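Hello,

Here is the structure I promised to pass on. My notes on the cavity and the ligand site follow below it.

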Amino acid sequence: MQNSSAGPNITPGVGRRIVIAGGGYAGTTLAVKLARGLKPGDDLEILLVEPNPCQQALSELDLVAVGPPRPDFCELWHPNVFKDLPVTICYNRIDKVRADESLVTIGPRGSSAEEVPYWRLAIATGAVAFVPPVHGLAEHAVTMWSVDDAQELQRRIEAQFRAAIVLADRTERRRALSFVVVGAGATGMEIVGTLGQMLPKRALDFGLDPADLSVHLVEGRPDILYDLPETLRAKVRKRLDKLGIVLHLGSMVERVEEGVIHLADGRELPAPVLCFCGGAKPDPDAVAWGLAADPSGRLVVDEFNKAPSHSDVYIIGDVSAFRDPKGNRTLPMLAQFAIHQAEHCAENILAEARGGQPKPFVPNMHGEFVSVGPTWGAGWMLNGRNLTGFPAIVMKRLTYVLYWWIVGGIPLAFKRTREMLKMFR
Ligand SMILES: Cc1cc2nc3c(=O)[nH]c(=O)nc-3n(C[C@H](O)[C@H](O)[C@H](O)COP(=O)(O)OP(=O)(O)OC[C@H]3O[C@@H](n4cnc5c(N)ncnc54)[C@H](O)[C@@H]3O)c2cc1C
């Protein structure tokens, strides 16, 4: 059976309905795992509600943020993923959750909205970019949390190259070719690294002198990449230096005006293209659904990844605040945890459907890799081994391949790997 419905007119289900809100890493993995795990006799129906017909694989955004590859490289089409699976896809938003009545409202408010009851609900609506209330920041900066953002950055870079090529004065040209990224966490690092590695080639394509380019990384804290050990951070700093990226550490952004960023220490940088990668916050839709949240707004979950107040509601991925008892810290917003939570959630839901009990979730971090340009990375693996350079980037890209394999099996993993390798030729 392959069901895909574009509107809210969902045929009344015959079985117990599992509603999945959000088709990102967590929601897609959960739907696939549930569908593959169904046995004859399971009276379960899987309904995935996601406004976009494709998953945006955000951890691949660094590959497409600067171009020239097509930004849609990191889109994973749901109709392909669910082609042979018993999943009904509804390309819409969940507007409201009435957890006390086990009901969701799908679609826009008003007459076309539809109320759908569920047996289990999995909230997997992710996170969005967070922009602090710094004067002019939201107005002038592009964030990096969607394919649209990547496209916007590509568009601004190109517009800037076109603006620079008509300038005769070298100083003016250099001002026009100044690119600034704010935030030296993993996302900012990946974007600035890609800018540092790719912009010189792109400048040459436009007939511009790469020596006129400058790329700046601004960070309010005294160092970069706090999640990585110091030995790796030192290597990343060296790599940034090699790419000619100017690092401004301990520099808070005070205000932004058209083409200029003002730092709190009084300095200003030309910033005709400004990318803000300073943070993320949980999906605002889910935050409004009345479930308990932690101070950052992420929804609180118990050891099963369930809402403590409602045992029929699972919350997984970036939107959930799972407290890892091992380190007594909330899990970071990472695709690897979203996928792991989803796999575990599928097992629990299937166990519950067959009269069993859910098992507690035990998170396990297998490693962490950050790219600094498309062909260089840094990170560590399960055994605590640090890697940098090409081996590290291979490990990072292997995590993409693993995900493609999880949701699409060998055919998808093979097809996407070929596409990815073509990008580096
Ligand atoms: C540039 C960048 C690089 C990254 N690199 C890495 C990396 O290298 N490694 C790593 O582990 N992680 C990385 N991450 C983090 C990773 O992408 C996230 O942790 C992951 O996307 C979380 O998955 P998720 O399913 O919770 O949310 P998402 O993948 O964001 O999916 C949420 C989905 O919910 C949908 N949705 C929202 N509201 C509603 C609603 N009301 N109704 C229905 N659907 C809704 C959205 O449309 C979206 O499709 C990166 C993130 C970014 C931005």
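One thing before the details: this is a predicted model.

Cavity first. The structure contains 1 cavity of 30 Å³ or more. The volume of the largest cavity is about 50 Å³. Its lining is made up of Arg 298, Gly 317, Asp 318, Ser 320, Phe 322, Leu 331, Pro 332, Met 333, Leu 334, Phe 337, Ala 338 and Gln 341. Sorted by class, that lining has 7 nonpolar, 3 polar and 2 charged residues. Which helix gives the largest share of it? Helix H10 (residues 335-353) does, with 3 residues.

Now the ligand. There are 32 residues around the ligand. Those that come nearest are Ala 26, Glu 50, Asp 285, Asp 318 and Lys 396. Note Asp 318: this residue is also in the lining of the largest cavity.

- Asp 318: a polar side-chain atom sits 2.8 Å from an oxygen atom of the ligand.
- Ala 335: a polar backbone atom is 2.9 Å from an oxygen atom of the ligand.
- Tyr 25: here too a polar backbone atom is involved, 3.1 Å from an oxygen atom of the ligand.

How much of the ligand does the protein bury? Taken alone, the ligand exposes 1000 Å², and 90% of that is buried by the protein.

Next, where the shell around the ligand comes from. Helix H1 (25-37), helix H7 (186-205) and H10 are the elements that each give it two or more residues. H10 has the largest share, at 3 residues.

By class, the shell holds 15 nonpolar, 10 polar and 7 charged residues.

Best wishes

Methods
Residues numbered from 1 in each chain as written. Predicted model: local features only at pLDDT ≥ 70, side-chain atom pairs only at ≥ 80, totals over all residues. Heavy atoms only, no water. 1 Å grid on protein atoms, 1.4 Å probe; cavity = no way out; pocket = protein on both sides within 12 Å on 5 of 7 lines; lining within 4 Å. Points joined across faces, edges and corners; volume = space filled by probe spheres on them. Helix = DSSP H or I, 4+ residues; strand = E, 2+ residues; numbered from the N terminus. Nonpolar A, V, L, I, M, F, W, Y, C, P; charged D, E, K, R; others polar. Near = heavy atom within 4 Å. Polar contact = N/O pair within 3.5 Å; in protein donor to acceptor, adjacent residues only side chain to side chain. Areas by Shrake-Rupley, 256 points an atom, 1.4 Å probe, with all protein chains shown as cover.
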